[in-house]
Amino acid sequence: MTLEDWILIFAFVALVAAIARPLGLYLDAVFAGRRTVFSPVLRPVENGFYRLAGVKAETEQDWKTYAVAILAFSLACTLGLYALLRLQGLLPLNPQGFDGVAPNIAMNTAVSFVTNTNWQAYGGESTMSHLTQMIGLTVQNFLSAAVGIAVAIAFARGFARHPARNGGASTIGNFWVDLTRATLYVLLPISIILAIVFIALGMPQTLAGSLHATTLEGPSQDIAVGPVASQIAIKMLGTNGGGFFNANAAHPFENMGPIVNLIQMLSIFAIGAALTITFGRMVRDERQGWALLAAMGVLFLIGTGIAYWAEAQATPALIQAGVDPAAMNMEGKETRFGVAASALFAAITTAASCGAVNAMHDSFSALGGMVPLTNILAGEVIVGGVGAGFYGILVFAILTIFVAGLMVGRTPAYLGKKIEARDVKLAVLAILASPLAILIGTAFAASTDWGRAGVQDAGPHGFTEMLYAFASAAGNNGSAFGGLTATSDYYTYAQAAAMLIGRFLVIVPALAIAGNLAAKPVTPASSGSFPTTGPLFIGLLALIILIVGALTFFPALALGPLAEATVGRLF
Amino acid sequence: MLQTLRPALVLFALFTLLTGVIYPLAMTAVGQTFFQHAADGSPIMRDGRVVGSALIGQSFSRDDYFWGRPSAAGSGYDARASSGSNLGPTSQALADRVRAEAERYGVAAQDIPVDLLTTSGSGLDPHISPAAALFQAQRVADARRVPIETVRRLIGTHTELPVAGILGEARVNVLELNLALDELPAHEGAS
């Protein structure tokens, strides 16, 4: 471990905090419908979209209508993408001549990209045509992220709305408007900038299929290329994480060097961090947003520190092979990033529900690999996926307020809104849906031949491969312990079910809470109110997240990474 | 029903056009116009032929070239099938593989820089550490019959350092280093 590496980790956190505020204010302006720098160009486009789609922008929706709109839109996207994947062999812009994708992989991939998971049961450069990458996968990179942002904003409105000022209405916005604005004003302009910067720094962006080379020693090398930069920009910004290539952000074309790596890491966190500030502005108390961001920061630094420490040591397999015990764990890591930037990236991509990887998590040490796993299991609320992390941590905030209320024996309230039985029940449903899918999916996989057939490594590590797969799916993360072969019918369908549960059984309760809260009057803070901006709340929130995660997952972690770290032999 | 279906289908179609056709094609146009070399995959030309990409590693096994890291991409540096080994920290298969890699260098594993024994995440890592290059300098110098100082100097000039001291690791691009070896003047080669 070196001082330089620790400086990198803390500098990264400082940069995220620096980006959060300006971007957060911009998001606030966009979703309030105020004028922004892009309005002169984009307002006419926006209005044109509404006209063609028959959307009345001023009409607000209650939470049920909002939820139905999301479900209908997601269904349309899933079916559209599935059809494209199946038919790609008959369609143009397919320089490699790839066939249509097999039904189970196509279904898994369609669900995966629509739920912002971007789990990839295929190798990109050997499966997907350029047309599919562009009009299928890139599009869902945008839209699934936009849906997440929309839900986050709608949830925040639940707290921000004063029914007395609204004529008693309990609406939470208009999904079609939020979706359109998130895509047009936020994701598209930033992606354009990122894509151009990436190309300038060396990332391919071409419609050609490959670059043919004759290597120095004679054999030819066929190098896959394609419209990479345009997809990688939104892949990071939208916390999608689905790579153009199989090796994802470890591939030198997706992540050429340390500067691009830093930009990508910042892109993953940018919108998720900014949304906390947007929330603070919407409830007219910016400190509320900073408090949430601080709780995220504490959890993030703990995990990152552990991962870096663990990866800076040789693993048992390397030591048994006779490698210098002082060496670092470079298996599955790229030379240009080294251990620190790999551990940092792993923590970021799982704290957010991104799932891009610049090193192979499967080859991390037992404890180093437990950090990304734990980040996912904690619900990806440490910054989190765009939108998803934010409504995730708000659900935990509601639980925290409830627990604090129990401890002091008064009716809990958050931001002046009373938290009542219905809100807590919905919050618990949202918190427990994913763990249920993870534990049942893993238990079933571990106890059947279908599940065990996919495992690569023997011993506790094999169990962790299965646990990680279901955590990644239900958490809508998309990273993997890649040794697992997840292309069988069992894995593709079970994973798809887990992805759907992890996405929509969180979104729908979150929207229900928002609708419930929007209807409640705001009681002004008094001396008896629990302050939700101080270190006490921040600490309690972080603790609740850890306790819920530990209570739910400790047995599974004990069978997997903890057993592996302590057993002291190879398998 | 129609109230929900119409915006769902129309917006899906419009955004597919905007983010799936216009956006990537516009970026391709920008890339091909202003940054064509990068946009094409950073090809390296020698004598009018493409010998590789500056960003992608390739297999080397001759004694007079520096060797890159072991690769799990296809049968090794297959740039159509990027992949890591994904072998875990307590994998016997990993230990056996590392031991076999060490034999290639003919010394104890303990004395070999660890990047030369481990596969990268992509299987296409174009770099090795400066230590891994210096470790091979004697073999390359002997095979080429050049003074080892010449080879060491070449490694030095091809070492990229971390940006601002904290971003990235010191590294050497194996393909570029080997191309530079081939460029060494003939009289040095004869000494």
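**Strand pairing in chain B**

Q: Why are strand 1 (residues 43-46) of chain B and strand 2 (residues 49-53) of chain B called paired?
A: In this predicted model, four bridges join the two strands, which run antiparallel. Pairing requires at least two bridges, so strand 1 and strand 2 of chain B qualify with four. Within this arrangement, Pro43(B) stands opposite Ser53(B) in strand 2 of chain B.

Q: What phi does Asp47(B) take in the hairpin of strand 1 and strand 2 of chain B?
A: Asp47(B) has a positive phi near 50 degrees, in a hairpin with two residues between the strands.

Q: Why do strand 3 and strand 5 (residues 171-173) of chain B count as paired?
A: Two bridges join these antiparallel strands. Because the criterion is at least two bridges, the pair meets it. His127(B) in this pairing stands opposite Asn173(B) in strand 5 of chain B.

Q: What is the strand order of the open sheet in chain B?
A: The order is 3-5-4, with three strands and antiparallel pairing.

Q: Why are strand 3 (127-128) and strand 4 (159-160) of chain B said to stand at the edges?
A: Each has a single partner strand, so one side of each lacks a neighbour in the sheet.

Q: Which domains does the assignment give for chain B, and where do they lie?
A: The assignment gives domain 1 (2-38) and domain 2 (41-190). Their C-alpha centres lie 40 Å apart.

Q: How many of the residues of chain B score at least 70 in pLDDT?
A: The share is 97%, and the chain averages a pLDDT of 94. The model scores ipTM 0.95 and pTM 0.95.

Note on methods
Residues are numbered from 1 along each chain as its sequence is written. Chains are lettered from A and ligands numbered from 1 in the order in which they are written. This is a predicted model: local features need pLDDT of at least 70, side-chain atom pairs count only at pLDDT 80 or more; totals for chains, interfaces and linings use all residues. Domain bounds come from an automatic or database domain assignment. pLDDT is the predictor's confidence in each residue, from 0 to 100.
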